[in-house]
Amino acid sequence: MRILAITAAALLASGSVAIAAPATVSVTIGPELQKKAEKTYGVRETALLADELRKDVERALAQSGAHEDARVELVITDAVPNRPTFKQLGDKPGLSMDSFGVGGAAIEGRIIAADGSVTPVKYRWYETDIRQAYGDWVWSDALVTFDRFASRLARNDVRLARN
């Protein structure tokens, strides 16, 4: 009986400690990229990219504990594939999955902290060496951009606002 009372008291005492929640992350597609998706890449492709960026950022922030209780609002403003998308292959019969090029992406957004302060973020990275693109998947360089962005965001890297 004594152990039960001590356990109950410990649980009640720990209930008053506030636990910080992980950041909530939302990702949208910028208007220019949305137009490009509808006309060239395919809307399905940009939905996939938005989901990947959201997952990468959520995972990195959860692991680091950075920006707890914050809202992270991101916009993918540009993305360039390494290989033709499904829509591009359908629209141009002579195009092949053997075609490849350099890709990358650009991200903008803001972090709204629990206290209401707003921090703008901006990041872009595009591969510059065609030799690095040969074995890549359709969105490999864009996903590298997302990983790098998420890592910098988790480290609270101040260079995010300058790129």
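**Close-up 1. Strands E1 and E2 pair side by side in this predicted model.** Strand E2 covers residues 71-80, and six bridges join this strand to E1. The two strands run parallel. For a landmark within the pair, look for Val 27, which stands opposite Leu 74 in E2.

**Close-up 2. E1 and E2 belong to an open sheet of four strands.** From one strand to the next, the twist averages 20°.

Close-up 3. H2 lies across E1 and E2, and its direction is at about 45° to E2. H3 packs on the sheet as well, where this helix touches E1, E2 and strand E3 (104-112). The direction of H3 makes about 155° with that of E1.

**Close-up 4. Helix H2 packs against helix H3.** Here residues 31-41 form H2 and residues 43-64 form H3. Their axes are 7 Å apart and the packing angle is about 135°. With angles over 145 degrees counted as roughly antiparallel and those from 65 to 115 as roughly perpendicular, H2 and H3 are therefore oblique to each other.

**Close-up 5. Here are the residues where H2 and H3 touch.** From H2 come Leu 33, Gln 34, Ala 37, Glu 38 and Tyr 41, and these meet Val 43, Glu 45 and Thr 46 in H3. Sorted by class, this contact has four nonpolar, two polar and two charged residues.

Methods. Residues numbered from 1 in each chain as written. Predicted model: local features only at pLDDT ≥ 70, side-chain atom pairs only at ≥ 80, totals over all residues. Heavy atoms only, no water. Axes fitted to C-alpha atoms, helices over the stretch in contact; angles between N-to-C directions. Parallel < 35°, antiparallel > 145°, perpendicular 65-115°, else oblique. Contact = heavy atoms within 4.5 Å. Nonpolar A, V, L, I, M, F, W, Y, C, P; charged D, E, K, R; others polar. Pairing = 2+ DSSP bridges.
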